[in-house]
Structures are given as structure tokens and as C-alpha cells.
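Reader: I would like to learn how to read pockets and sheets in a model. Please begin with a pocket.

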Amino acid sequence: MSSALTDLSPLPIVQAPMAGGVSVPQLAAAVSEAGGLGFLAAGYKTADGMYQEIKQLRGLTGRPFGVNVFMPQPEHPGAGNGSTGAAGVAPSSGAVEVYAHQLAGEAAWYETELGDPDSGRDDGYDAKLAVLLDNPVPVVSFHFGVPGREVFDRLRRAGTFTLVTATTVEEARAVERAGADAVIAQGVEAGGHQGTHRDLPENDGSGIGLLSLVTQIREAVRIPVVAAGGIMRGGQIAAVLAAGASAAQLGTAFLATPESGASAEHKRALTDPLFARTELTRAFTGRPARALVNRFLREHGPYAPAAYPEIHHLTAPLRKAAARAGDPQGLALWAGQGHRMARELPAGRLVEVLAGELDAARTALSTGGDAR
């Protein structure tokens with residue numbers, strides 16, 4: 001591991017920032033206290049909401065932690081937003097309207113209104129960045145694109161370590177050119193949103209497996225690589241470290257912990273035989289994201305347009321209503337491909353177990369033994 005990452009976290013275990021209320025301060029604190037690197041998710045929060053969670057987390061731990069920020073989405077392909085690679089598909093207003101018409105039955109079923117698809121495209125990015133520069137945190141990561149070099153320079157002067165998600169070698173090179181301290185290599189196995197810098201039609205279902213991606217990125221860039229995607233066991237952490245990663249980022253593994261802010265329905269669904277597999281879908285947000293296959297995904301996924309964050313805003317009231325009703329068939333059940341291996345352990349204990357499995361796997365590799 002690079003010395004900077006080692007200083008931040010004694011263990012090569014990073015808790016993925018999961019937006020939507022999952023990565024709460026209690027979860028991040030438990031992971032950091034156990035020797036990993038806990039993360040807050042600023043996505044879908046206001047700048048003040050993010051700041052309040054940072055204050056709460058600082059009251060729970062004095063150890064390093066991170067905050068993840070979503071990049072603003074351009075109005076059309078190539079539109080400037082201060083980034084070097086966050087351009088995306090120009091959503092058709094007609095396609096969004098057609099999808100809204102298709103969802104009318106869902107709104108009636110859940111007795112709610114559809115959301116306004118034109119509720120904003122920047123997720124309060126500038127305001128959040130201002131907070132993070134005025135009140136620096138140890139680590140900041142970015143999803144859905146790459147900030148300009150001046151952003152990394154300012155954060156570095158503030159003492160903040162920076163990471164950016166990449167799903168291809170080309171994206172990783174863009175991250176390095178922009179001046180980030182490290183890159184998160186996100187394999188297609190990952191739960192939740194794929195952090196592609198451009199949302200293109202070919203993103204639907206295609207992607208690179210984690211071990212291949214880590215190896216390719218490690219050979220293409222000089223900055224440290226954090227591996228993310230489907231990791232649930234310490235042996236898998238050992239594998240990505242052997243492939244050249246400096247640390248592993250786990251999301252679904254921490255989703256089932258009691259400190260996680262995920263709903264009870266979401267946690268149960270991870271190991272419920274009724275939800276046998278995951279799939280990349282645009283059904284809930286308009287951007288490819290891996291979720292457990294449920295009724296909503298099956299019925300609407302094939303028709304959802306490439307329109308993020310319009311579809312996210314449109315379906316938000318439906319997802320909230322499904323949560324109130326305790327109906328997992330209407331929820332966005334984000335999960336990685338390893339979801340069936342989820343363990344209902346306290347977050348701190350899970351970090352300890354993962355660290356033990358990692359040590360056993362490393363010993364087995366060095367001696368030629370069996371890590372089981």
C-alpha cells in the first residue's frame with residue numbers, strides 16, 4: 001500500500017459509500033474504529049445534510065474516514081461541467097414522458113405521485129465541495145466522472161486524499177491525468193451504480209470483471225488502485241491485492257450489518273432465495289446499476305431510458321412509498337454479485353473477520369496451504 005493509504009487505514013479494507021441512506025455515520029464509525037476506512041455518501045443529500053453527518057461521524061470516531069460526492073451531470077453530450085470526462089447521453093424528454101406514462105400504474109398502486117424529472121442535475125456539487133474545502137475531511141472520492149485538476153489541487157492543499165471511480169483503463173488514465181491520489185477500479189460485479197464517466201448505451205450489461213480490470217489498470221497507471229466489485233470475503237481481498245490493488249472496497253458486505261441504514265426488507269433480500277440473482281438495470285434511476293431482480297426491475301427495466309438523474313427523480317416517490325409499505329418488490333435492492341455471501345455481523349466484527357480471512361489467505365498463498 002502507498003504510505004498515504006496506510007496512514008489512513010491500517011487495514012486494506014474500505015467500506016463503500018452507498019447513497020440513499022445506507023452509509024450512515026454509525027456504519028462509517030464502526031468500520032474506521034475497527035481499522036478499516038469508513039465512508040459517508042453525500043449523494044442525494046443537501047450540502048448541509050452532508051455537513052451534519054460529518055459532524056455526527058466526528059463525534060463517533062477520531063479515526064480517518066471518507067466522503068463520496070457525485071459529479072454533476074451535463075445537459076448534453078460534451079457539455080462542460082468542470083470535469084474531464086463526465087459527459088453522458090442526452091436524455092430524450094419524450095422518452096422520459098413515455099416512461100412516466102408506463103409508471104402511472106405504479107403511482108396508483110402505491111397511492112403516490114411521480115416525482116419531477118427536472119429536479120436538478122448537479123446534486124449540489126458546488127455547495128458540497130465548498131463545505132469539504134472549508135471543513136476538510138481525510139478522504140474524498142468522486143463518482144460519475146472526474147473533477148478538474150484545480151479541484152484536486154485545492155483538496156490536496158486542504159490535506160485531503162482523493163480517489164475517483166473508474167470502470168475502464170481509459171477512465172483510470174483520465175483519473176491519473178486529472179491529479180487524483182488514487183483510482184477505484186470498479187468491476188462489473190459491483191452493486192449499485194456503475195461509476196462510468198460517460199453513460200453510453202453500451203454500458204447496459206457490458207463491463208470488465210474486477211480481477212481483469214485491476215490488473216489492466218495497475219499496468220496502466222502509477223497511482224494506487226483500490227479494487228471494488230463483488231468482494232465479500234477476505235480471500236477475495238487477498239486476490240485483488242495480489243493482482244496489484246492497494247486496498248479493497250466492499251459495499252454489499254456491509255449492507256447487512258446492523259449499523260447499515262438499509263431497510264430491513266433490503267437486508268433480508270440479500271440472502272432470500274426469492275431474489276436469486278442480480279442484474280444491471282436503468283429501471284430505478286436511468287443509469288446502469290446492479291440490483292436484485294424483483295418485480296419492478298423485471299417489468300420496467302427493459303423500457304427505462306438512459307436518462308439520469310431524470311428517472312431517479314421520477315421514481316423516487318415510488319421507492320419511498322414501497323419502503324413505507326415494506327414491499328421489496330418495489331424497492332431498488334442494490335446488491336453486488338456476491339450478495340448471497342452477506343453476513344449479519346456488526347460492522348466492526350465483520351472488519352475483524354475479513355482481516356482474519358485475509359491473513360489466512362496470505363499465509364496459504366505463501367505456504368501453498370488451504371486458506372479454508
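Author: Helix α8 (residues 169-178) supplies the largest share of the lining of the second largest pocket, three residues. Helices (H or I, at least four residues) and strands (E, at least two) are DSSP runs, numbered from the N terminus. This is a predicted model, where local features need pLDDT of at least 70, side-chain atom pairs count only at pLDDT 80 or more, and totals for chains, interfaces and linings use all residues. Residues are numbered from 1 along each chain as its sequence is written, and side-chain values use heavy atoms, with hydrogens and water left out.

Reader: Which residues are the closest to the centre of the second largest pocket?

Author: Of the 20 lining residues, Thr167, Thr168, Glu171, Thr196 and Asn203 are the closest to its centre. The lining of the second largest pocket divides into four nonpolar, 12 polar and four charged residues (Ala, Val, Leu, Ile, Met, Phe, Trp, Tyr, Cys and Pro count as nonpolar, Asp, Glu, Lys and Arg as charged, and the others, Gly among them, as polar). A pocket is an open set of points on a 1 Å grid over the protein atoms alone, where a 1.4 Å probe fits, with protein on both sides within 12 Å along at least five of seven lines; lining residues have an atom within 4 Å of a point.

Reader: Which element gives the most to the lining of the largest pocket?

Author: That is α14, with seven residues.

Reader: What is the strand order of the open sheet?

Author: Strands of a sheet pair through backbone hydrogen bonds, either parallel or antiparallel. Here eight strands, in parallel pairing, follow the order β1-β9-β8-β6-β5-β4-β3-β2 (two strands pair if DSSP finds at least two bridges between them). β1 (13-15) and β2 (38-41) are at the edges with a single partner strand each, so one side of each has no neighbour in the sheet.

Reader: Which residue stands opposite Phe142?

Author: Val164 in β5 does. Strands β4 (residues 139-143) and β5 (residues 161-166) pair in the parallel sense over four bridges.
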